[in-house]
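This short report describes one protein chain, from its overall make-up to single residues. Look at the sequence and the structure first, then read on.

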Amino acid sequence: MVRGGYIIITTFISTALPFLGDFMSLTGAISTFPLTFILANHMYLVAKKQKINSLEKSWHWHNVSFFGLMAIAASIALIVVHSNTYHIFADM
């Protein structure tokens, strides 16, 4: 049952999204980018709490904000650029 469900879901996704390479780029923009840049800064802020001065704290919050916006911008850019080229279920 699980294997059959998995095959049905992956087949549906691959037919709905014929641009799977671009979909992987979108996944990277949504998940890998924030995990690499935002999580590290946030973990530093949580770990150090009161031990860092305001300049360091503002630098890390700047990084969190900037890279968060970059992840959102990359996601939107990928969708906008490829929305003119690809259509859902284009090959059917």
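Two residues are in contact when they have heavy atoms within 4.5 Å. The model shown here is predicted. Among contacts in the chain between residues at least 6 apart in sequence, 67% join residues at least 24 apart.

The chain has three helices and zero strands, and along the sequence this gives the pattern α-α-α. Of its 92 residues, 20% count as buried. The chain exposes about 7000 Å², and 73% of that area is supplied by carbon and sulfur atoms.

Helix H3 has 30 residues and reaches 43 Å from its first C-alpha to its last, close to the 44 Å expected at 1.5 Å a residue. At the start of H3, a side-chain oxygen of Asn 53 comes to within 3.2 Å of the backbone nitrogen of Leu 55. The buried residues of H3 include His 60, Asn 63, Val 64 and Phe 67.

Asn 41 lies in helix H2 (residues 20-48). Buried means under 20% relative accessible area; Asn 41 has 11%, so this residue counts as buried. Leaving out residues up to four places away in sequence, Asn 41 touches His 60, Asn 63 and Val 64.

The table lists two side-chain approaches with their distances.

| From | To | Distance |
|---|---|---|
| Asn 41 side chain | Asn 63 side chain | 3.5 Å |
| Asn 53 side-chain oxygen | Leu 55 backbone nitrogen | within 3.2 Å |

On the surface, Leu 69, Ile 72, Ile 76 and Val 80 form a nonpolar patch, with about 390 Å² of accessible area together. Of these, Ile 72 is found in H3 (residues 54-83).

Conventions: Residues are numbered from 1 along each chain as its sequence is written. This is a predicted model: local features need pLDDT of at least 70, side-chain atom pairs count only at pLDDT 80 or more; totals for chains, interfaces and linings use all residues. Side-chain values use heavy atoms; hydrogens and water are left out. Patches are made of residues with over 30% relative accessible area and no salt bridge: like charges are joined within 9 Å, nonpolar side chains (Val, Leu, Ile, Met, Phe, Trp, Tyr) within 5 Å. Accessible areas come from the Shrake-Rupley method with a 1.4 Å probe; for residues, only the protein chains shown count as cover. A salt bridge is a side-chain nitrogen of Lys or Arg within 4 Å of a carboxyl oxygen of Asp or Glu. Helices (H or I, at least four residues) and strands (E, at least two) are DSSP runs, numbered from the N terminus. Buried means under 20% relative accessible area, exposed over 50%, partly exposed in between (1.4 Å probe, protein chains only). A polar contact is a pair of N or O atoms within 3.5 Å; within protein, one must be able to donate a hydrogen and the other to accept it, and residues adjacent in sequence count only if both atoms are side-chain atoms. The expected span of a helix is 1.5 Å times one less than its number of residues.
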